[in-house]
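Subject: Structure for you to look at

Hi,

Here is the structure I promised to pass on. Have a look at it first, and then read my notes below.

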Amino acid sequence: MDALAPRVERAQTGDRAAFGDLHARFARPVFLTLVGLLRTREDAEDAWQVTFLAAWRHLPRLRRPERFPAWLFRIARNAAKDVAQRRRRVPSALPDPTDLVAHPPGAPTDGLPALVAGLRPETRALVMLRAVEGWTAEDVAAAFSWSAATVRRRYARALDLLRTRLDGRNPP
Amino acid sequence: MTHDLEARLRATYGPLAADSTLTDDLARALDDATQAPPPRTASRILPWAVACAATLVGAFLLLRRPGPSGTIERPAHDGPAATAFVDARGRTTLAGVDGRALRTWELGVLPVGYAIPAEMGEVLAAEVAPFGPPTDAARLPALPDVPFLGRLFRGASPVALIVDAAADAPWRHVETVLLAAVHARMAEIVFLDPTRAGPPITERLPFDAPLGVGEDVVRSYERLEFPALHVQLRPDASGAPTVAIVRPTGRAEFSVRDPLALTELGFEIAASVPADGGLVVEIEVAPRGADRADLVTFAEVLAVQRAVHAAGVERVHFRAGAGRSGAK
């Protein structure tokens, strides 16, 4: 998260190119977080668009530019909450083909996605950023407003859980 | 193992990305969207300014120390001789009888959180009256303790306290309120007759002496230059309250419930008053070591108090009984 603040400050004054840089940097992490929280492509993309539009509109009101990641991910999580409340899906026994967590396109059928889908939404989002996007514990901590120790502990627990369940499914 | 699992997760979810057409849509939407104006300096400062102003106003109200507001003629009606009332602005006034005039003391607007003194006359009655029967010791903790009440009174900066207690309220409870008044450095205590048949009794506290709660109360009385006559109230073996004048030469006992005996008590005290009239009578309820102290009621102490004043003694002080001067 180096030298974010100058770019955020430029974007606050209406510099679209600077905001484009920020978008390029955070578009995928935010999308993966929203997938972790909402699971379906449709919902994640809705919340993703809302997040960046809201961030652009309200960026001048951000008082501490160095806290941009925390601020952006807070918007994303609120957007996810709004989308989830609006949808209010009826639970179904049938598999949802648009569920990107349980049925990621092109993924091997080794049972791992089903186990990830069974994690809590915030843990799924954490796994997406740490394992898939390769963010450090400090980066995730800054984005989620947690401590780095909390991120490490929750991530380790999530991996342990997945490993235990995988071993249960595929005994040696 | 961990790296293996992380690699599998990366392989499974790595290809996920937002649809490229969606990115284009977002870019177009961003082009059309305008940014909100930055917050004005005033909107940042305003909440702090309001908070500072509220603090200053609160401090001003707390630091204001209203004094006596003068003397007015006693109204012609036969209403209560002394009372406390709250006007529409939340200003509390204590009123007490002083000779033929009704003296009033404005207590000022009370800060939020000190609602009890705002209704002082009534609340004291409520605090003192409902406790009983006298031996119901289990209820005692419900009575606020001396430091608590003292702080409560001091918050209102009152100059006098009106004690409106039920006739059968244990004196121990009334005493708690009196000690709190001393704690709050009030100048006067006005006792209302629970039967409303007699005039209120006003006692002036020795403001010139260092006052406090507990032993200091007793010591401050002992520093007075006037000779003091020590009077004890305690229940006898049958539970009936007995008043005794305690002198180095011996004790003289009288029954409190017998009007004739109280008259004799008055004569006995009158005989002790020196020529210059300077005599203090110390009334002590349940002296050290006595039990069943709760059997002595407010009405019985008030009867002795009247007898003392009728004998020409102007100053009566209440001496705290053992172990009852502090918090209960």
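Which residues of α4(A) are buried? Please keep in mind that this is a predicted model. The buried ones are A:F68, A:P69, A:W71, A:L72, A:F73, A:A76, A:R77, A:A79, A:A80 and A:V83. They pack against four other helices of chain A: α1 (4-12), α2 (16-38), α3 (41-58) and α7 (137-144). Helix α4 itself covers residues 68-87 of chain A, 20 residues in total. From its first C-alpha to its last, α4 reaches 28 Å, close to the 28 Å expected at 1.5 Å a residue.

Now for chain A as a whole. Of the 172 residues in chain A, 38% are buried. Among the contacts in chain A with a separation of 6 or more, 65% are between residues 24 or more positions apart.

Two of the helices that α4(A) packs against, α1(A) and α2(A), also meet each other. Two packed helices are described by the angle between their axes and the distance between the axes. Here the axes of α1(A) and α2(A) come within 7 Å and cross at roughly 130°. Angles over 145 degrees would count as roughly antiparallel, and 65 to 115 as roughly perpendicular; α1(A) and α2(A) are therefore oblique to each other. The crossing in which α1(A) passes α2(A) is left-handed. On the α1(A) side, the residues that meet α2(A) are A:R7, A:V8, A:R10 and A:A11. Their partners in α2(A) are A:A18, A:F19, A:D21 and A:L22. By class, this contact has 5 nonpolar residues, no polar ones and 3 charged ones.

Finally, the two chains. How many residues does each chain bring to the contact between chain A and chain B? Chain B gives 25 residues and chain A gives 31. On the side of chain B that touches chain A, α1 (2-13) and α2 (20-32) of chain B each supply at least two residues. The largest share of that side, 8 residues, comes from α1(B). Sorted by class, the side of chain B that touches chain A holds 17 nonpolar, 4 polar and 4 charged residues.

Note on methods
Residues are numbered from 1 along each chain as its sequence is written. Chains are lettered from A and ligands numbered from 1 in the order in which they are written. This is a predicted model: local features need pLDDT of at least 70, side-chain atom pairs count only at pLDDT 80 or more; totals for chains, interfaces and linings use all residues. The expected span of a helix is 1.5 Å times one less than its number of residues. A residue is buried if 20 or more other C-beta atoms lie within 10 Å of its own, exposed if 12 or fewer, and partly exposed in between; C-beta atoms are placed from the backbone. Two residues are in contact if their C-beta atoms, placed from the backbone, lie within 7 Å. Ala, Val, Leu, Ile, Met, Phe, Trp, Tyr, Cys and Pro count as nonpolar, Asp, Glu, Lys and Arg as charged, and the others, Gly among them, as polar. Axes are lines fitted to C-alpha atoms, for helices over the stretch in contact, and angles run from 0 to 180 degrees between N-to-C directions. Angles under 35 degrees count as roughly parallel, over 145 as roughly antiparallel, 65 to 115 as roughly perpendicular and the rest as oblique. A crossing is left-handed if the near helix is turned anticlockwise from the far one by less than a right angle, and right-handed if clockwise.
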